[in-house]
Amino acid sequence: MMKWMTAGCLAAVCLWSFSGMAQDVIIRKTTASKLTVDLTELRAGGSGGTVFLRTVDEDLRRSGWVVPVRTGAGYSAGGTLAAAGNGLRVPLVIQNSETRQTLFNQNVGIDNADPKRMGHRVSDAILKAVTGRRGMSGCRLVLIGASARGKELFVCDADGGNLSPLTSDGSIVLAPTWGPRGDQILYTSFRRGFADCYLLDLRSGKTHQVAQYSGMNMAGDISPNGQDAALVLSKDGNPELYIKSLSSGALTRMTQTRSVGEASPSWSPDGSQIVYVSDAAGVSSPQLYLISRGGGSRRLTTRGSQNVNPDWGANNLIAYSSRQGGRFALMVYDPALQEHRVIAQDGADYEDPSWAPDGRHIFCTRSEGYRSTIYLLDIMGDPPLKLALPVGNWRSPTCSP
Amino acid sequence: MMNKRLMVSMLMICAVAMVFPGCRRKRAPGAISLDSNQPSIVQPLDGMGTEGSGAAGSGSLAPRADVFTSGQAVSANLTAILFDFDSAQVADPERSKAEAVAQYLKSNADCVAVLEGNCDERGSAEYNMSLGERRALAVRAYLVTLGVEPARLQTRSFGAEKPIQMGHDEEAWRMNRRVEFAVMK
């Protein structure tokens, strides 16, 4: 089934392209093929400096493309971290060690004095200069955590650091998702007693209501152009998929499935289609369906007793959870090749996948023994990483664009 | 190189920055966003009820009236209706419970009920929200056939978020797949 590498294989193996570009791009990946970067000329003092240097090192390893080494590196990155006003700055120079070509020579800075955020910024700059690829270290996650009064939204960095609470609704929150500009979060909360859908503006700190109809108002996904929200509403007597214009408020009902229910819509990167969950086939188990903007749906998954939680990435791949043998495996579907493949499957449940903007990694909930935490999976086969979050039941990570 | 004092102050600023995002600013009642990029349809909070009706089909829920959100709770001792796994059908053995609810509401004409649909812990949280809502809607439909006015029945799904039994076994799951009745007046 798969032209796919198995772990530990040292020979070069062909993989799909997942860069969102042409399908015939071949990526060679072996343990030995990672690029090497010498960071010894990257300098920073004090305890904040230690945090900064460790963050750069860990971020590059996490990227999957690059390994920091001390000798014989293919590339070097140097510069000294210094305060700049209220923020931090590094005059960052990145060179190809063989050709001595300078690939990058700019100040990289942030406007607050957070050495960890600064480390994320610098590691993404190094990754971009060396590989041409966008990194994920600077992105943020919104996730659901338990509090004494219920469940609230939290945000954290891609490595689990800088965790902070985002809501204090004192109730239950569900289904958080980022707007395409990374400055809004759509979610459902019981803050007024019923499941209503809200939009949190991160810049103003204000919360706005998006759907407060009778019955259930479940947050889904904001379209790539930021104009529309896909929602699941039961106001017409049954949970159905709707598109609501965020500018005009116009509501378009997309499904007519009396006596079955929809859930978890996610837009395609071009905004022309939505993948969602429904048990419309009458088989009494949730499966993935595709619907186009103009209507007309078709079933996408047939294997697995339940297929849920789809996330359609900017790389045009759909990550989802598939219940197989009593556990949720993490799967990826390529609509172009019409191929499904397993990313993670073991004695735990992998749910709520969310693509990182690098198109290579997936954040997800991993549950085992009724405890859940957040993991980072690599579709190219590097080992799963557990995020450094405090002990607790964390769920539904969604990565910022 | 930074000196130690600078690093300490940096870390303190950092600590404040970490705490700050959690302190969501208090919102003045009726305040609207001044951000011009803000979509205009999203309404500020504290303006409830304006979206309730819309173009409704025959199966539509009534707009959520205040009594459902702020009415006084009544202890009615109605028994929860239980469901099979992944099913929203009111099974025959459970129908007598629904009939008791209909009888109660007919005898207490000043009362309304929120039908609260729940699921067991297994499966997707979002799919379970839809499944819980369908359970509540199935009970609502049955109560309407028994003569209860639709406007007195509101639905609310808690999905898998409010288990009544905390165990992880068949018995706990069976008890958690339920519709409860929150009666108010």
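**Strand pairing in chain A**

In the predicted model, strand S11 of chain A and strand S12 (residues 164–165) of chain A are paired in the antiparallel sense over 2 bridges; strands are DSSP runs of E of at least two residues, numbered from the N terminus, and two of them pair if DSSP finds at least two bridges between them. Across this pairing, A:Phe154 lies opposite A:Pro165 in S12(A). The hairpin of S11(A) and S12(A) has 6 residues between the strands, and within it A:Gly160 adopts a positive phi near 95°.

S11(A) is also joined to strand S10 (residues 140–147) of chain A, by 8 bridges in an antiparallel arrangement. The bridge partner of A:Arg140 in S11(A) is A:Asp157, and a hairpin of 2 residues connects S10(A) to S11(A). Strand S11 (residues 150–157) of chain A is largely enclosed by the rest of the structure, because 6 of its 8 residues are buried (under 20% relative accessible area, 1.4 Å probe, protein chains only).

Elsewhere in chain A, 4 strands form an open antiparallel sheet in the order S17-S18-S19-S20. Its edge strands, S17 (217–222) and S20 (251–253), each pair on one side only. The twist averages 30° from one strand to the next, with axes taken as lines fitted to C-alpha atoms and angles running from 0 to 180 degrees between N-to-C directions. Within the sheet, strand S18 (residues 228–233) and strand S19 (residues 240–245) of chain A pair over 6 bridges in the antiparallel sense; A:Asp228 has A:Ser245 as its bridge partner in S19(A).

Residues are numbered from 1 along each chain as its sequence is written, and chains are lettered from A in the order in which they are written. Local features need pLDDT of at least 70 in this predicted model.

How values were computed. Predicted model: local features only at pLDDT ≥ 70, side-chain atom pairs only at ≥ 80, totals over all residues. Heavy atoms only, no water. Buried < 20%, exposed > 50% of the residue type's maximum accessible area, 1.4 Å probe, protein only.
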